[in-house]
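Welcome! Please take a look at the sequence and the model below, and then we can walk through them together.

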Amino acid sequence: MKRVAIIAGVVGLGLTVWMLAQFGAGAILSLIMAGGWGILAAVLFHTVQVALSAQAWRVIAGPQVNPLPSSTPLKLKDYFALRCVREGVNNLLPVAQVGGEVCSSRLLARRGLGTRHAAAATICDLTLELLSQVVFTLSGLAILLLLVKRSAITDELVESALVALAIGAVLFASQWLGALALVEVLLAKIAGHLGWNGVQSMRGLHEQVLALYKAKGNALWAFFLQFVAWALGAVEVCLILHFLGHDCSLWVGFVIEGVGEAAKSIGFAVPGALGVSEGGYVLVGGLFGVPPQVAMALSLIKRVREIVWGLPSLALWQWLEHKWCATPEPEDVRPKHHASLCQSTISSTSL
């Protein structure tokens, strides 16, 4: 997997370098330098999106029932910190856009939620985030078809979005039909053969996921918050383009962000979606008369924002690994499990 990630990263980097050379690296760099305040605006504005996504995660996780007298229920600031860790790991490390969920789920379990509940909450949150992104992208494409004439490009974009919708629907339906229960059985068998410990804490994951989805109104509210977080990306696009001297309407920003984020998700196997994301912005920006240089500058400024957020988030991840390691999981409170959770997991902090 590391070799695949490295190869994909090299290909993505090569594609990015090729586009920079093709469209003029000097001109793109000048645009980025000229839009300095746009970078600051993007960095600050992203706080709102992270907060909304964190609240969505908190909602779908449900009420916090903590059996440890010394522990306090998780607050929005805890989920905000974990959301930063998710984004930092996914954006800056070669983990195929899912490593952040694994790391943050483990931290969530250490915070007192328990392995099963933390994993179920993260699975539900990730699924609702994917579905809300697909709806956001489809909404952007609907606006695109209203604003520009139908073409081969628009047809391909719609087809790709429909495929993503089908994947999201299958993922959601599989959880209801018992795919996680099957995973539990397989993990138990593998653990039995290899002598792994800790798998017992994952038993009942399927039922836990269904319980979180069925909690009154929680799934719909979390889905709405995730959709709003995606939609606010359109405001970020408009802010950046304004500072680049290329104002656009909110509707155009909605379309550009929808297709750009969809391209990033499609290129999940490429670390940071290098090259794929830039290509998406150039492609859809061209439909609205946005020059390739401006589209590339937009994408790179968003990458600067990812780095500005991501580097402190990686440091926060390591800090939380030590800060929260002394808190045992609810399952570990039983008499047979007095050992600290740190003893089994602190050695796995590096990917």
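Leu241 sits in helix α10, which covers residues 218–243; helices here are DSSP runs of H or I with at least four residues, strands are E runs of at least two, and both are numbered from the N terminus. This is a predicted model, in which local features need pLDDT of at least 70 and side-chain atom pairs count only at pLDDT 80 or more, while totals for chains, interfaces and linings use all residues. Residues are numbered from 1 along each chain as its sequence is written, and side-chain values use heavy atoms, with hydrogens and water left out.

Is Leu241 buried or exposed? Its relative accessibility is 0%, so Leu241 counts as buried (buried means under 20% relative accessible area, exposed over 50%, and partly exposed in between, with a 1.4 Å probe and protein chains only). Beyond its neighbours within four places in sequence, Leu241 is in contact with His246, Asp247, Cys248, Ile256, Val294 and Leu298, where contact means heavy atoms within 4.5 Å. Leu241 and Gly253 are 12 residues apart in sequence, and their C-alpha atoms are 8.9 Å apart in space.

Setting aside neighbours within four places in sequence, the contacts of Ile256 are Val237, Leu241, Tyr281, Val284, Val290 and Leu298. Gly285 is 29 residues away from Ile256 along the chain, yet their C-alpha atoms are separated by 6.4 Å.

Ser299 lies in helix α13 and counts as buried because its relative accessibility is 1%.

## The cavity

How many cavities of 30 Å³ or more does a search of the whole structure find? The search finds 1, and the largest cavity holds about 40 Å³ of space. On a 1 Å grid over the protein atoms alone, a cavity is a set of points where a 1.4 Å probe fits but cannot get out, and lining residues have an atom within 4 Å of a point. Grid points are joined across faces, edges and corners, and a volume is the space filled by probe spheres set on the points.

The lining of the largest cavity is made up of His46, Cys84, Glu87, Gly88, Asn91, Arg305, Glu306, Trp309, Gly310 and Ser313. Two or more lining residues come from each of α4 (76–92) and α13 (292–323), and α13 gives the largest share, 5 residues.

## Two enclosed helices

Helix α4 has 13 of its 17 residues buried, so it is largely enclosed by the rest of the structure. Helix α9 (residues 205–214) is also largely enclosed, because 7 of its 10 residues are buried. Those buried residues of α9 are Leu205, His206, Gln208, Val209, Leu210, Leu212 and Tyr213.

## The whole chain

Stepping back, the protein chain has 14 helices and 0 strands. Of its 351 residues, 50% count as buried. Among contacts between residues at least 6 apart in sequence, 77% join residues at least 24 apart.

Terms used: On a 1 Å grid over the protein atoms alone, a cavity is a set of points where a 1.4 Å probe fits but cannot get out, and a pocket is an open set with protein on both sides within 12 Å along at least five of seven lines; lining residues have an atom within 4 Å of a point.
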